[in-house]
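Colleague: I am new to this structure and would be grateful for a guided introduction. May I put some questions to you once it is displayed?

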Amino acid sequence: MVERYVTLACVSNEVGGDLIGNARWLGVPVKELLDEAQPLDGADQVVGRSADGWTCGTPTAVLRDGRDALLAVGMNGEPLPIQHGFPARMVVPGLYGYVSACKWVTELELTSFADFDAYWVPRGWSPMGPIKTQSRIDAPRSRNNLTAGPVTVAGVAWAQHRGIRKVEVRVDGGPWQEAALARSVSVDTWVQWSWRWDATEGRHRLQVRATDTTGEVQPEQERPPAPDGATGWHSVDVEVG
Ligand SMILES: Nc1nc2c(c(=O)[nH]1)N[C@H]1C(S)=C(S)[C@@H](COP(=O)(O)O)O[C@H]1N2
Ligand SMILES: [Mo]
């Protein structure tokens with residue numbers, strides 16, 4: 001077994017939302033199980049089935065490309081908590097949970113996307129769910145009463161399995177300013193960022209955007225979570241007195 005930090009994100013996470021978190025997972029690399037099983041060429045989907053009747057479908061190629069996709073039994077140094085999938089769950093860096101993170105897993109079936117639609121697919125969600133490059137402002141948040149002068153603007157950014165190259169902040173639609181990045185554990189985890197703002201009195205809008213290591217910039221266009229993940233820039237309005 002191996003132990004890895006991986007940030008999991010829900011496809012239903014709105015821009016600025018909290019349906020995302022980082023944990024240390026202990027488990028068996030799924031690649032090794034699949035290498036033993038020797039999938040046929042046409043078996044492009046691995047379907048996870050679980051004790052609650054839920055299913056998810058993950059591209060076989062993603063599970064075999066060398067990333068740390070795990071059949072996990074431990075989380076943060078302890079057995080998996082029941083609400084996080086005890087006794088075993090899948091964790092796949094770079095994919096939203098609905099196509100990868102099967103909890104209470106009872107079966108992994110090698111099949112194809114043509115032959116089987118997993119739980120959320122007939123309900124209007126995309127069969128493929130790669131995570132979109134995103135960033136969030138955690139401090140300050142709206143309704144904070146700030147004092148003019150230096151203010152630390154900070155948050156997290158993520159593009160699991162690609163990694164974050166750059167985070168930028170702007171005030172009131174002004175020029176983008178590059179934030180400082182903390183050291184991230186790996187390309188599979190989010191990264192903390194911060195930027196020192198010399199705040200002036202009045203109402204201001206703070207915005208953030210991230211660029212991943214492929215050079216892809218987080219898109220400005222606001223789109224809802226369905227069918228394959230929200231897009232847009234997170235904004236926070238603050239009042240400085
Ligand atoms: N068995 C089962 N596994 C599941 C789900 C589910 O409803 N049933 N939801 C999935 C979704 S949509 C997400 S985002 C993640 C959430 O994992 P967490 O509860 O550990 O945060 O679990 C995934 N695994
Ligand atoms: Mo989810």
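Colleague: How far does a polar side-chain atom of Asp52 lie from a nitrogen atom of ligand 1?

Modeller: The model is a predicted one. A polar contact is a pair of N or O atoms within 3.5 Å. The polar side-chain atom of Asp52 and the nitrogen atom of ligand 1 are separated by 2.9 Å.

Colleague: How many residues surround ligand 1?

Modeller: The space that ligand 1 takes is the largest pocket. Its shell comprises six nonpolar, four polar and three charged residues. Ser50, Asp52, His84, Arg89 and Lys103 are the closest, and the number surrounding the ligand is 13.

Colleague: Why is the protein chain described as being as compact as a globular protein of its length?

Modeller: The chain has two helices and 17 strands. For 241 residues the globule rule gives 18 Å, and the chain is as compact as a globular protein of that length because its radius of gyration is close to this, at 20 Å.

Colleague: What does the C-alpha trace span along its principal axes?

Modeller: The trace is that of the protein chain, with its two helices and 17 strands. Along the principal axes, its span is about 65 × 35 × 30 Å.

Notes
Residues are numbered from 1 along each chain as its sequence is written. Chains are lettered from A and ligands numbered from 1 in the order in which they are written. This is a predicted model: local features need pLDDT of at least 70, side-chain atom pairs count only at pLDDT 80 or more; totals for chains, interfaces and linings use all residues. Side-chain values use heavy atoms; hydrogens and water are left out. A residue is near a molecule or strand if one of its heavy atoms lies within 4 Å of it. A polar contact is a pair of N or O atoms within 3.5 Å; within protein, one must be able to donate a hydrogen and the other to accept it, and residues adjacent in sequence count only if both atoms are side-chain atoms. On a 1 Å grid over the protein atoms alone, a cavity is a set of points where a 1.4 Å probe fits but cannot get out, and a pocket is an open set with protein on both sides within 12 Å along at least five of seven lines; lining residues have an atom within 4 Å of a point. A molecule sits in a cavity or pocket if more than half of its atoms lie within 2 Å of its grid points. Ala, Val, Leu, Ile, Met, Phe, Trp, Tyr, Cys and Pro count as nonpolar, Asp, Glu, Lys and Arg as charged, and the others, Gly among them, as polar. Helices (H or I, at least four residues) and strands (E, at least two) are DSSP runs, numbered from the N terminus. The radius of gyration is taken over C-alpha atoms; the globule rule is 2.2 Å times the number of residues to the power 0.38.
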